[in-house]
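Hello,

Here is the structure we talked about. Please look through it first, then read my notes below.

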Amino acid sequence: MIKHLKENIRFFIGRIKAGRLQEMRQQTLWIYQYARHYWMVMIFYTMLGMFGAVVSLVSGLVSRDLVDIITGHESGAVIQTFAIMIGLNIGTTLISQISDYASSYLSMKVDAEIKADIFSKILVTDWESLTNYHTGDLLTRWSSDASNISSGVLNFIPNIIIYSFRFISAFVMVVYHDASFAIFAFLGMPVSLIMSKTLLKRMVNNNRRSAAMGAKMSGFNQETFSNIQTIKAFDLIRLYIERLKQLQKEYIQMRLDFQKMSIGTSLLLSTVGLLVSYLSYGWGIYRVWSGAISYGTMTMFLTLSGTLSGSLHNLTSLVPAIIGLTTSAGRLMDIIEMPREDYSQNDEVEQFYEKHASEGISLSIQNMDYTYKNGTQVFSNASLEAHPHEVIALVGPSGEGKTTMIRLLLSLMQLQSGSACLYGSQASADVIPLTPSTRKLFSYVPQGNTMFSGTIAENMRNVKQDATDAEIIEALKLACAWDFVKKLPNSIDSKIMERGGGFSEGQAQRLSIARALLRNSPILLLDEATSALDTATERNVLRNIMQDNYPRTCIVTTHRPSVLHICKRVYAIRNKQCVLLTKTEIDEMTKF
């Protein structure tokens, strides 16, 4: 016993040196940041649990009296005691139903609030850092891990108090009536101490493996269902079915490994529990036979013995609970403790826009450098500028940095040197740097299909909630989309399926452009946004943007030279710089 205790102490000291317990402490403190907001709910849970423990003890006393009365043939007291027992059971049932309803409501409410808070923090996490995580992994962390946190916040501390109260109160009653029975409450403790060293390490590893496997499965499912069209087109159905089966096989094997450990642990603890119960039962028979206690007292002791061992087992079971809780906390901390975007300039941007909205807003990038985290340099001393009522083109081979430039303008990625700013007019000294706060001055149409499920009108109003039907139709006309929308059975109230389903790529692209135009932002970014349009429609859309009276600054990235003559200036990304092309160079490009 002493040897195993020393080994456990050395084990925990080793864990402290290894940093695991320190890490768990930090994760617990992080969980506390949520738990402190719900202390009233935790008190409510605790009071319910303690009330149940008190009722259980009172029921034990009543059962004792009932057995003693029956064995003593006191018929008059039987009815009274039996009535008390019935009343206790009915009251317990009613309170249990009420508390279950209240608990369900509070659990859902806290779960929703914590998920909403974590959701909002994920959305303002630095975009470039967030792209290191698979979408399926993010979804698993937000849904499963956040639910673990909400459940733990409500239950962990109340359960410690409730189980401790049950154990102490039952122990006091046992000692009060017959201290010899108290010995049996502690017979299982040496086994728990001996097993703690191995179980703690295995539980930590199991929780991490389970979380990683869950993220892997979620990522596979999310990617598969998002790319069903591609899977069908390449006839990859059999391949993906086999991949799913392989993942399922890995998952089943992992669960079986966990189950083997659980079965072994349960068998050992159950054996110890049965041994303790039989010893208690045998000791109770001896005490009754010797006349030291009554039959009713023996019955009560057996019940209390079960309460003691059960409470001790429940307290022990909180160890894997706290490990699972801190594992979930660590996975969420990985995400929400990444760098946050800075929106501190929101008020300044609002004032800047109000001051310059009528004249339009210019954009300038000077001597910019940017290198990806993998060491690939994209820009070195690059510069460009764009002004209201202009369409500026960015051209260059795929992979040279056109989309990276758009992301830098949107402050999704941060400049490493140089300057990027907005100003009201060429003569204005009023300048504001590009930050996440300045995104409200941009409208953006990325590559690919970016429409959401819902109606056309709902998609449009995502960017301008108070937009009238007339404003939506006008934006659709500017984007050359009204000609097919007006023919739909429900016009702007027609449904769009997931990922723009129900519309061609060109139609979905025009709807995306209309949505950006409806926002009426002073700067419009089109990242290969006309790639699915025919040349005539592409030119019409850009001409409509130019002829619009709104003082809009428009930047277009494109592979297609057919619209370059419409643009005010054309920049080619060459040698990590933005080179302003001459008219002769543009003419050469448009010949092909």
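**Notes on the model**

Helices are DSSP runs of H or I with at least four residues, and strands are runs of E with at least two, numbered from the N terminus. Just after α12, S411 has a positive phi of about 60 degrees.

This is a predicted model: local features need pLDDT of at least 70 and side-chain atom pairs 80 or more, while totals for chains, interfaces and linings use all residues. Residues are numbered from 1 along each chain as its sequence is written, and side-chain values use heavy atoms, without hydrogens and water.

The largest pocket has a volume of about 1600 Å³. A pocket is an open set of points on a 1 Å grid over the protein atoms alone, where a 1.4 Å probe fits, with protein on both sides within 12 Å along at least five of seven lines; lining residues have an atom within 4 Å of a point. The volume is the space filled by probe spheres set on the points, which are joined across faces, edges and corners. Its lining has 35 residues, and W127, L412, Y444, P446 and F452 are the closest to the centre. α12 (402-409) supplies at least two lining residues, as do α5 (127-130), β6 (442-445) and α16 (505-519).

Regards
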